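I opened this entry to keep track of what I looked up, in the order I looked it up.

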Amino acid sequence: MIRWISGFIGAGIVAVLAWSLLWSVVGVVTDPPAPTAEHYVHAHHPLLSAELPSEGLFGKYDVRQLQRGFQVYKEVCAACHSIRLVSFRDLKQLGYDDGQVKALATGWQIEQPSINPDTGEVATRKNLPSDHFPLVFANDVAARAANNNAVPPDLSLMTKARHEGPDYVYSLVGHGYVTQPADLLTKFPDAKTPNGLHYNQYFANLNIAMPPPLTQDGQVQYLDGTKPTVDQMAKDVAAFLTWTAEPNLDTRHGAGFAVLGFLLVFCFLAYGAYQNVWRNMKH
Amino acid sequence: MSFPWAKHYEPKFALTKWVDERLPLPRLVYSAVGAGYPVPRNLNYFWNFGVLAGAALAAQIVTGIVLAMHYAANGGVAFDSVEHIMRDVNAGWFLRYAHANGASMFFIVVYIHIFRGLYYGSYKAPREMVWLLGVVIFLLMMATAFMGYVLPWGQMSFWGAQVITGFFSAIPIVGDTIRVWLLGGYAPDDAALNRFFSLHYLLPFVIAAVIVLHIWALHIPGSNNPTGVDVKGEQDTVPFHPYYTAKDGFGLGVFLVLFAFLIFFAPNYLGHPDNYIPANPLATPAHIVPEWYFWPFYAILRAFTSDFILPAKLWGVLAMFGSIVLLFFLPWLDSSPVRSTNYRPLYRIFFWVLVADVLVLGYCGGSPAEPAYVIISQIAAAYYFAHFLVILPIVSRMERPRPLPNSITEAVLAKHGGTSPAESAVSGSVLAAE
């Protein structure tokens with residue numbers, strides 16, 4: 001009895017799926033999926049590799065590169081983008097000492113929201129090493145008002161919030177801003193970048209509100225003598241944003257090797273114990 | 001319970017005797033997972049995965065309880081409290097990555113455990129109750145995992161909650177009312193987040209309780225084995241401890257190596273980048289996809305694209321739940337008396353087609369809803385239902401199974417080129433006279 005019922009239900013579900021399948025096929029035949037400008041451009045321009053030293057199993061941050069990246073962030077990105085999840089004290093991981101961190105915090109252009117201790121009125125105060133980096137705009141409305149109706153996203157987690165994040169940041173700011181190719185417009189006339197936006201071949205919908213942030217070599221003067229080409233600055237800021245998103249990567253990789261080593265010894269001993277217990281038992 | 005030759009707990013010391021007379025808990029453990037539980041001697045590594053699932057649950061409970069000490073279930077601060085764990089809590093990154101990847105490890109071992117049961121007919125008489133309780137555990141796991149994924153309150157958390165609770169609005173007439181009641185509002189918000197956290201903390205303990213029933217039910221007939229042949233006598237079994245504790249110890253080590261590799265070297269590989277963007281009810285992600293362990297079911301849901309008497313959405317929701325509910329009927333859909341698929345030449349082909357089919361469904365479920373993937377999901381979903389509801393009942397009636405070995409011991413000795421059973425029995429034990 002149950003087999004008759006199940007057979008009936010099974011045939012019914014297959015019939016409903018066949019009905020859906022029929023209309024899916026009809027849909028594909030009568031209205032074949034049209035290629036989009038985004039697919040076309042992204043297929044021809046895969047992300048470039050930032051070749052960061054933090055990549056791979058043995059990946060480790062290069063502290064000098066992180067310092068350079070922080071400098072690019074501070075002098076270029078920080079005008080619009082916050083890193084609100086990072087604290088000033090975290091910069092000690094970049095090789096700065098207590099005094100330098102304190103100086104960086106107090107000298108940071110945007111102050112922490114606070115209250116006037118005498119009157120209780122809204123005020124600001126200098127940043128402390130224990131503070132998170134302050135928001136650039138008090139809220140999204142203020143951000144939109146100042147940026148042609150676009151909100152510059154917080155960058156703390158940017159490299160983890162995009163597929164292949166470090167390569168994405170590097171490609172987008174270092175090599176994404178090109179003149180819109182003419183053949184793209186002949187293929188996709190609707191793809192013309194609207195006024196106020198900027199064509200970027202690595203951005204999801206190809207038109208980004210952010211103007212090119214890195215425009216010329218030497219825009220930032222590196223203290224360690226590295227040549228500040230646009231490519232180098234893009235790489236360094238990608239490295240810095242990899243660190244802001246995953247500050248514990250070095251610890252994690254180090255602990256990982258210790259744990260794996262321990263577990264492999266455990267497996268070896270456990271396998272020996274297993275063989276020993278079963279030595280007289282065919283199975 | 002268990003076999004007549006099962007060893008009995010014998011307390012050796014005054015203290016253990018005293019405890020045993022008042023609360024025979026050590027006796028219970030001894031009979032459940034100690035030397036007092038006789039197990040077929042021919043189990044392969046696939047019989048490791050029940051223990052591994054238990055280990056995964058234990059790891060989830062331990063990491064989860066500590067994470068809950070630092071997490072705040074409020075839409076305004078949930079995302080930041082997770083980042084606080086990642087950055088400021090000592091070893092917080094380890095706890096969170098262990099918990100997030102622990103869910104994946106739990107599902108990996110449970111899926112292998114389920115397919116082990118399917119291949120070796122572990123759902124058949126007299127183990128139907130073990131199987132039914134297992135399906136209940138699977139459903140509870142899915143509910144727990146879904147609610148846990150909502151807690152970090154990222155974009156996928158929010159939109160996942162939106163989509164999953166949206167299933168209920170497919171119910172005619174009362175659907176929307178039920179959805180609002182479940183969420184405590186018109187969209188996922190603090191009320192939903194708080195109740196999900198509460199239930200996410202509760203359900204693992206319900207799972208643990210059902211696991212106790214699952215193991216209890218298992219111990220009535222005893223474990224199945226790769227031949228599917230019943231245990232005939234003492235020579236067919238070995239005591240669980242030390243034989244399978246030793247073997248499971250090695251399996252646990254391999255499990256932990258893979259688990260540790262994910263935590264320390266690929267912690268975000270199985271996650272979705274969009275969940276590192278704070279929840280935003282005004283911005284829908286380009287592709288809403290659940291975690292990988294839900295992909296096959298998500299593909300079934302999306303395979304229903306045309307109305308057919310009922311709306312397509314309702315068909316999708318019914319089929320998705322039906323794809324799991326039908327497992328409850330499996331012991332009665334498969335009427336073949338042969339348990340192990342090793343001896344079922346015809347069913348064996350369909351079994352492997354099913355495995356491939358579920359993998360294809362998973363791949364489609366994780367891909368964007370483009371026509372090619374939808375068409376493949378429609379074919380694969382049709383096979384999934386046809387397999388269980390049509391093919392399996394027919395095959396189990398018409399198939400001519402290969403001859404079964406007379407006993408487990410005979411099968412083991414045949415594999416090793418034949419020696420007399422007496423030589424290979426447990427040293428010191430007496431062959432059961434039958």
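Which feature does UniProt place at residues 64-245 of chain A? The unreviewed entry gives "domain: Cytochrome c" there. I note that UniProt positions are in the numbering used here, that feature names are shortened, and that annotations may be inferred rather than shown by experiment.

**Ground rules.** I am working with a predicted model, in which local features need pLDDT of at least 70 and side-chain atom pairs count only at pLDDT 80 or more, while totals for chains, interfaces and linings use all residues. Residues are numbered from 1 along each chain as its sequence is written, and chains are lettered from A and ligands numbered from 1 in the order in which they are written.

**Chain A.** Residues 64-245 of chain A are 34% helix and 7% strand, and the end C-alpha atoms lie 18 Å apart. Helices (H or I, at least four residues) and strands (E, at least two) are DSSP runs, numbered from the N terminus.

**Chain B, domains.** For chain B the assignment gives domain 1 (45-288) and domain 2 (291-398), with 22 Å between their centres over C-alpha atoms. Their contact takes 26 residues from domain 1 of chain B and 20 residues from domain 2 of chain B; I count two residues as in contact if their C-beta atoms, placed from the backbone, lie within 7 Å. On the domain 1 side, H5 and helix H6 (128-150) of chain B each give two or more residues, and H6(B) gives the most, with eight residues. UniProt (unreviewed entry) also places "domain: Cytochrome b/b6 C-terminal region profile" at residues 230-406 of chain B. That stretch of chain B is 58% helix and 2% strand, with its end C-alpha atoms 9 Å apart.

**Chain B against chain A.** I found 54 residues of chain B in contact with 51 residues of chain A. Elements giving two or more residues to the chain B side include helix H4 (78-87), helix H12 (312-325) and helix H15 (371-398). The largest share, 14 residues, comes from H10(B). The chain B side divides into 38 nonpolar, 10 polar and six charged residues. Here Ala, Val, Leu, Ile, Met, Phe, Trp, Tyr, Cys and Pro count as nonpolar, Asp, Glu, Lys and Arg as charged, and the others, Gly among them, as polar.

**B:Leu389.** Is B:Leu389 buried or exposed? B:Leu389 counts as buried because 24 C-beta neighbours lie inside 10 Å (buried is 20 or more other C-beta atoms within 10 Å, exposed 12 or fewer, partly exposed in between, with C-beta atoms placed from the backbone). B:Leu389 is in helix H15 of chain B. Leaving aside neighbours within four places in sequence, B:Leu389 is in contact with A:Ser6, A:Gly7, A:Ile9, A:Gly10 and B:Leu326.

UniProt (unreviewed entry) places a "binding site" at B:His219. B:His219 lies in helix H9 (residues 190-219) of chain B. B:His219 has 18 other C-beta atoms within 10 Å, so I logged it as partly exposed.

Note on methods
Domains from an automatic or database assignment.
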